[in-house]
Amino acid sequence: MMIVMRRMLLTVATGLALIGAVAPAASAHGLGGTGASNYLTVLDAVEPRVAGVRIRVIELGSRLELTNRTGRDVVVMGYDGEPYLRIGPRGIFTNQNSPATFLNAGRDGGAVPPATDPEEAPVWQRQGGGTTARWHDHRTHWMGRQDPPAVRRDRGRSHVVIPRWRVPMTSAGRTFEARGHLLWAPGPSPLPWLGLAVVIAVPAAAAGTHRRRRTLVGVAVAALLVIDVAHAVAASLDRGAAAGGQGGQALGGNAYSLIGWAAAGLGIWMLRRRPADAWFVVGAGAVMIALFGGVADLSDLSRSQIPVAWPATTARAMVSLTIGLGAGIAGACALASRRSHSPSEPPSTP
């Protein structure tokens, strides 16, 4: 019976690891579709200022957000000078004759139906209620598939990519615009952070040979859980700030991390109850967390702009610790499992 159970646990652990290896990177802690970047979108001013209208850059420059508390409609103009987006007391509307309605469907653009004509009268379609709209405005971020030539020539310093972007708007017959610029800011070298991961992984793996390995590995798993949950919360707070404070929903986007957390938590319990069977579960949980809390966010180590609510240095440290602890715990579990099945091995001291 025990052999059958161990084989089942090994199968589950292997399955979890394979899921982690092939699952899409969208399960990482980064913003949905927005990862770490070296591009910085800066809003310089709204001119002339309009009382009750607030505009800000969100999601690392991927979108703009406009909140209208004037009691009158604010219309954002599209790329051909046509009415594109309307925010007002009756809700949020897009003009179906504006190419921007379709081009702004995603960060990388979208297909425009052939019948779309910006010269025609607006056809407004309601998108929802409220007075806050968020949209991808391609005037404010870099759309090229390659970095600009100046960046490719010298990646070691900052560059002004777009000296002045403009997003024109109207309200009650009055014209105003959001103005800003786009920078390329180089990120740090990832080598020190990868070195930190190795420094953490080696002693964590060695814990699998210690006579108190159950205690040591249990503590390491608990630390890994705390770090990764904190990392997910930091990312969810940033998503919540970008989505009007609905950060609680963001944790639901970390589906594979949740599986890893559950496996690691179960493994901690099993280390006390069924230590010989716990190593497979603990190792699978550690691998899942390392993949989706660390490897999936590996670009955080070398990018200047990171989608978390905490300082970038803290986020990088979390990624390094998650990779190092996850890999080390997986190694410790492999070593401990071998020792646990050795006929000459005495029982571990809890």
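Student: Is Arg-56 buried, partly exposed or exposed?

Tutor: Arg-56 is partly exposed, since its relative accessible area is 23%. Keep in mind as we go that this is a predicted model.

Student: And which residue does Arg-56 form a salt bridge with?

Tutor: Its partner is Glu-65, with the closest N and O atoms 2.5 Å apart. Glu-65 counts as buried, at 4% relative accessibility.

Student: OK, how many salt bridges does the count come to?

Tutor: The count is eleven salt bridges. One of them joins the side chains of Glu-47 and Arg-179, at 2.3 Å from N to O. Glu-47 sits in strand 1 and Arg-179 in strand 10 (residues 174–184), so this pair ties together parts that are 132 residues apart in sequence.

Student: Nice. Which residues are linked with Glu-47 in a network of salt bridges?

Tutor: The network links Glu-47 with Arg-166, Glu-177 and Arg-179. Glu-47 itself is partly exposed, at 37% relative accessibility.

Student: What about Asp-73, which side chain does it meet in a salt bridge?

Tutor: Asp-73 meets Arg-90, at 3.2 Å from N to O. That pair links distant parts of the chain, 17 residues apart: Asp-73 is in the loop between strand 3 and strand 4 (74–77), and Arg-90 is in the loop between strand 5 (83–88) and strand 6 (91–95).

Student: Are those two buried or exposed?

Tutor: They fall into separate classes. Asp-73 is partly exposed, with a relative accessible area of 22%, while Arg-90 counts as exposed at 54%.

Student: Switching to the backbone. What is the peptide bond from Glu-47 to Pro-48, cis or trans?

Tutor: That bond is cis, with omega near -15 degrees. Pro-48 lies in the loop between strand 1 (39–47) and strand 2 (53–58).

Student: And what's the phi of Glu-59?

Tutor: Glu-59 has a positive phi of about 55 degrees, although it is not a glycine. Leu-60 also has a positive phi of about 55 degrees, and it is not a glycine either. Glu-59 lies in the loop between strand 2 and strand 3 (63–68), and Leu-60 is found in the loop between strand 2 and strand 3.

Student: Why does Glu-59 count as buried?

Tutor: Because its relative accessible area is 13%, and buried means under 20%. Leu-60, with 26%, is partly exposed.

Student: How many residues are in the largest nonpolar core?

Tutor: There are 27, and those with the most contacts inside the core are Val-217, Val-221, Val-282 and Ile-329. The elements giving two or more residues to this core are helix 5 (213–242), helix 6 (255–273), helix 7 (275–293) and helix 8 (312–340). Helix 5 gives the most, with eight residues.

Student: Last one: which residues form a nonpolar patch on the surface?

Tutor: Leu-191, Leu-194 and Leu-298 do, with about 270 Å² of accessible area together. Leu-194 is in helix 4 (residues 191–206) and is partly exposed, with a relative accessible area of 34%.

Terms used
Residues are numbered from 1 along each chain as its sequence is written. This is a predicted model: local features need pLDDT of at least 70, side-chain atom pairs count only at pLDDT 80 or more; totals for chains, interfaces and linings use all residues. Side-chain values use heavy atoms; hydrogens and water are left out. Patches are made of residues with over 30% relative accessible area and no salt bridge: like charges are joined within 9 Å, nonpolar side chains (Val, Leu, Ile, Met, Phe, Trp, Tyr) within 5 Å. Accessible areas come from the Shrake-Rupley method with a 1.4 Å probe; for residues, only the protein chains shown count as cover. A salt bridge is a side-chain nitrogen of Lys or Arg within 4 Å of a carboxyl oxygen of Asp or Glu. Helices (H or I, at least four residues) and strands (E, at least two) are DSSP runs, numbered from the N terminus. Buried means under 20% relative accessible area, exposed over 50%, partly exposed in between (1.4 Å probe, protein chains only). A nonpolar core is a set of buried Ala, Val, Leu, Ile, Met, Phe, Trp, Tyr and Cys residues joined through side-chain atoms within 4.5 Å.
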